Amino acid sequence: MTLAPPHLLTMYRQMATIRAFDARAVAEFHAGNIPGVVHAYLGQEAIAVGVCAALRRDDKITSTHRGHGHTIAKGADLKRMMAELFGRSNGYCHGKGGSMHIADFSIGMLGANGIVGAGMPIATGAALAAKLAKSDGVAVAFFGDGASNEGSFHGSLNLAAIWKLPAIFVCENNHWAVAVPASYALSVSEVSARAASYNIPGVTVEGTDVLAVYEAATQAVQRARAGEGPTLLECMTHRWRMHAEQRGNPADPRPLSAVEEAQQHDPITVFGKRLQEHGVATAATLAQIEREIQAAIDDAVAFATASPLPQPEDALLDVFAS
Ligand SMILES: Cc1ncc(C[n+]2csc(CCOP(=O)(O)OP(=O)(O)O)c2C)c(N)n1
């Protein structure tokens, strides 16, 4: 473990915060308190945290429909996020966007996105902007294995490659796109193999190991900042919940043995054990972090609940640029 203990503990705290946030979002959805959709990031926490730990605050990210983890890892405010999920006026989009439209430009979070694959061209544009501004900023696009079959993936990688843009394409391969297995939908066994078509590095890492993700992301970031162009980083992972929460809890169409197996190797529990083995934290330290996170999530839900609904007469506010 080459990182300093405070950094390691921050990574643990962020992973546990994402877990607690989305576990609560799932519960609040089924309690009828969240009117829109919730795509839980449970099980995938190590990817958002490992990648964002390699970034600066002014670096840019684009996210997906499953975006709470990326948003939290980039440093977003839990209260404004929860209020947005609740459709309340103190939320990030004043309650008009919901889970899939959260953005916070002040931390370089350019937006979640309900359109599969749509974050990649946006991140490519942000990387072009950084290059034209002669800054050493980088832009990261998170996306799923399903999105790697979209035209936006191929167009983005090609442009980023020919223009040597400081872009990092992070594929979260959880093996499923809704109910379609990657083993059916992908023409390759690993998404990273597609990097060869664009003459850029393609790397596959264990996406449940936050330090493995961090190391691979750090290399990609160094390469991008040095003007050497984009990287395709594929992180193998498992989605613990069904594609999206649904009223009435219908059965998950996937065979669940792989998920149950993955849950035996929970990325947060495994990382917590490693921290204890290396003397970075005691069980009591981790328990204290968990208590602080639970209090922060309770505060976020209380903030969301107390926040007023948007008013009908404000429907067109914040929709069009003035
Ligand atoms: C362009 C487009 N096509 C289809 C959909 C419907 N849809 C929403 S999520 C999803 C699956 C995405 O799978 P993947 O990219 O692997 O991400 P994951 O859900 O596994 O995180 C689909 C097909 C959509 N929102 N946008």
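Trainee: Is the crossing of helix 1 and helix 10 left-handed or right-handed?

Mentor: The crossing of helix 1 and helix 10 is left-handed. A crossing is called left-handed if the near helix is turned anticlockwise from the far one by less than a right angle, and right-handed if clockwise. Please note that this is a predicted model, in which local features need pLDDT of at least 70, side-chain atom pairs count only at pLDDT 80 or more, and totals for chains, interfaces and linings use all residues. Residues are numbered from 1 along each chain as its sequence is written.

Trainee: What counts as a helix or a strand here?

Mentor: Helices (H or I, at least four residues) and strands (E, at least two) are DSSP runs, numbered from the N terminus.

Trainee: At what angle do helix 1 and helix 10 pack?

Mentor: The angle is about 155 degrees, and the axes of helix 1 and helix 10 (residues 267-277) are 10 Å apart. Axes are lines fitted to C-alpha atoms, for helices over the stretch in contact, and angles run from 0 to 180 degrees between N-to-C directions. Helix 1 and helix 10 are therefore roughly antiparallel to each other. Angles under 35 degrees count as roughly parallel, over 145 as roughly antiparallel, 65 to 115 as roughly perpendicular and the rest as oblique.

Trainee: Which residues meet there?

Mentor: Leu8, Tyr12, Met15, Ala16 and Arg19 of helix 1 meet Pro267, Ile268, Phe271, Gly272 and Leu275 of helix 10. Two residues are in contact if their C-beta atoms, placed from the backbone, lie within 7 Å. This contact has 8 nonpolar, 1 polar and 1 charged residues. Ala, Val, Leu, Ile, Met, Phe, Trp, Tyr, Cys and Pro count as nonpolar, Asp, Glu, Lys and Arg as charged, and the others, Gly among them, as polar.

Trainee: And how do helix 1 and helix 11 cross?

Mentor: The axes of helix 1 (residues 5-30) and helix 11 (residues 283-306) come within 9 Å and cross at roughly 40 degrees. That angle makes helix 1 oblique to helix 11. The crossing is right-handed. Among the residues in this contact are Tyr12 and Ala16 of helix 1, with Leu286 and Ile289 of helix 11.

Trainee: What about helix 4 and helix 11?

Mentor: Helix 4 (residues 78-85) packs against helix 11 at an angle of about 50 degrees, with the axes 8 Å apart. Helix 4 is thus oblique to helix 11, and their crossing is right-handed. Leu78, Lys79, Met82 and Ala83 form the helix 4 side of the contact. By class, the contact has 9 nonpolar, no polar and 2 charged residues.

Trainee: Changing topic, how many residues of helix 2 are buried?

Mentor: In helix 2 (residues 45-52), 8 of its 8 residues are buried. A residue is buried if 20 or more other C-beta atoms lie within 10 Å of its own, exposed if 12 or fewer, and partly exposed in between, with C-beta atoms placed from the backbone.

Trainee: Is Val178 buried or exposed?

Mentor: Val178 counts as exposed because it has 12 C-beta neighbours inside 10 Å. Val178 also has a positive phi of about 55 degrees although it is not a glycine. Its place is in the loop between strand 4 and strand 5 (180-181).

Trainee: Which residues come nearest to the ligand?

Mentor: Of the 16 residues around the ligand, Val116, Gly144, Gly146, Ala147 and Ala177 come nearest. A residue is near a molecule or strand if its C-beta atom, placed from the backbone, lies within 6 Å of it. The shell divides into 7 nonpolar, 6 polar and 3 charged residues.
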